[in-house]
Amino acid sequence: MFFEFRFWKSFFNQNELIESLNNTTMRHFEKRVWLVAFLGILLYALQDIWGMHTESLTAIFVNGYTDTYSVARIASLLGAIIWSILFIAFHFFGMAFLYHKITAVDLSKVAVLQLFVVALLLMEKALIFFIFAIVGYTTDYSLLSFGPLAATYIDNEFFIYFFNQLTLITAFTIAIQFQFLRAFTKMSARNLLIILIVVQIVLALISATFSVLPLQTWFEGGELS
C-alpha cells in the first residue's frame with residue numbers, strides 16, 4: 001500500500017504519519033524536499049537582495065566604486081545562495097544521518113523528520129526577515145531567541161551568540177524530534193531526550209564559535225599585515 005506525503009497534513013497529524021510510515025510506502029516525498037529547498041534558497045536570496053547582512057558593502061558604494069559594488073553584490077548573492085544550500089543540506093542530510101546512527105531509526109524515516117525541522121528553521125528565518133523588513137533595519141540577535149536577553153546581562157560575546165542560537169523554534173524542534181523518534185527507536189525516552197538536547201547545545205556552541213571568529217580579517221589577510 002502507498003500513502004501520499006503531504007507536508008502540512010503530515011506535520012499536524014504526526015501520529016497518523018508515524019502509523020503510515022510503519023505500515024505503508026510513502027510517495028511524492030522527494031517533491032516536497034525540492035519545494036522546501038527551493039523556498040529556502042529563495043528566502044536567502046531575498047534577504048541578500050534586501051541588504052540583510054551586507055552592511056559592509058555600503059562603504060564601497062558610498063566611496064563611488066559603483067562597478068566594484070555591483071560585482072560585490074552579485075558575489076554576495078551567490079554566496080548567500082551557496083550558504084543556503086549548505087545550511088539546508090546539513091540540517092536535512094547531515095543531521096538525518098547523525099540521528100539515524102545514534103537511534104538506529106531508518107534513514108528514510110529520519111529524513112521525513114528532518115524535512116519538518118528544516119522547514120521550521122526556514123519559517124523562523126522568514127519571520128525574522130519579515131520583521132526586519134517592516135522596521136527597516138536588522139540586528140545581530142534573533143527576536144525569538146535568548147540573545148537579546150543575554151546581551152542585556154552578559155558582556156561576553158561568545159555566550160551572547162550561544163544564547164542567540166537557543167530559540168523558541170529550538171524547543172519546538174526538540175519536542176517534534178522526541179515525539180517522532182520515540183515511536184521508532186528502542187532507546188529509552190530519557191536518553192533520547194538528553195541526546196536531542198545535547199545535540200542542540202553542541203550546534204549552538206559551534207555556531208557561536210564561528211560567530212566570534214574574525215573570519216573576514218583572516219580571509220583579507222589582516223592577521224598577516
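Colleague: Which residues form one aromatic cluster?
Modeller: This is a predicted model, in which local features need pLDDT of at least 70 and side-chain atom pairs count only at pLDDT 80 or more, whereas totals for chains, interfaces and linings use all residues. Residues are numbered from 1 along each chain as its sequence is written, and side-chain values use heavy atoms, with hydrogens and water left out. Rings of Phe, Tyr and Trp (its six-membered ring) pair if their centres lie within 6.5 Å, and planes under 30 degrees apart count as stacked, over 60 as edge-to-face and the rest as tilted. One cluster is formed by Phe-5, Phe-7, Trp-8, Phe-11, Phe-12, Phe-29, Phe-92, Phe-93, Phe-116 and Phe-172.

Colleague: How many aromatic pairs does the structure hold, and what is the geometry of Phe-7 and Phe-116?
Modeller: The structure holds 18 aromatic pairs. For Phe-7 and Phe-116, the ring centres are 5.3 Å apart and the planes stand at 65°, so this pair is edge-to-face.

Colleague: How many residues apart are Phe-7 and Phe-116?
Modeller: Helices (H or I, at least four residues) and strands (E, at least two) are DSSP runs, numbered from the N terminus. Phe-7 belongs to helix α1 (residues 7–12) and Phe-116 to helix α6 (residues 107–135), so that the pair links distant parts of the chain, 109 residues apart.

Colleague: Which residues does Ser-84 contact, leaving aside its neighbours within four places in sequence?
Modeller: Ser-84 is found in helix α5 (residues 66–103), and because its relative accessibility is 0%, Ser-84 counts as buried. Contact means heavy atoms within 4.5 Å. With those neighbours set aside, Ser-84 is in contact with Gly-40, Ile-41 and Tyr-44.

Colleague: At what angle do helix α3 and α5 pack?
Modeller: Axes are lines fitted to C-alpha atoms, for helices over the stretch in contact, and angles run from 0 to 180 degrees between N-to-C directions. Among the residues that meet are Gly-40, Ile-41 and Tyr-44 in α3 and Ser-84 in α5. The axes of helix α3 (residues 29–50) and α5 are 9 Å apart, and the angle is about 145°.

Colleague: What is the make-up by class of the contact of α9 with α10?
Modeller: Helix α9 (residues 168–182) and helix α10 (residues 189–212) pack at about 145° with their axes 10 Å apart, and the residues that meet include Phe-178 and Arg-182 in α9 and Leu-192 and Gln-200 in α10. Ala, Val, Leu, Ile, Met, Phe, Trp, Tyr, Cys and Pro count as nonpolar, Asp, Glu, Lys and Arg as charged, and the others, Gly among them, as polar. By these classes, the contact of α9 with α10 has eight nonpolar, four polar and one charged.

Colleague: What pattern does the protein follow along the sequence?
Modeller: The protein has 11 helices and two strands. Read along the sequence, their order is β-α-α-β-α-α-α-α-α-α-α-α-α.

Technical notes
Buried means under 20% relative accessible area, exposed over 50%, partly exposed in between (1.4 Å probe, protein chains only).
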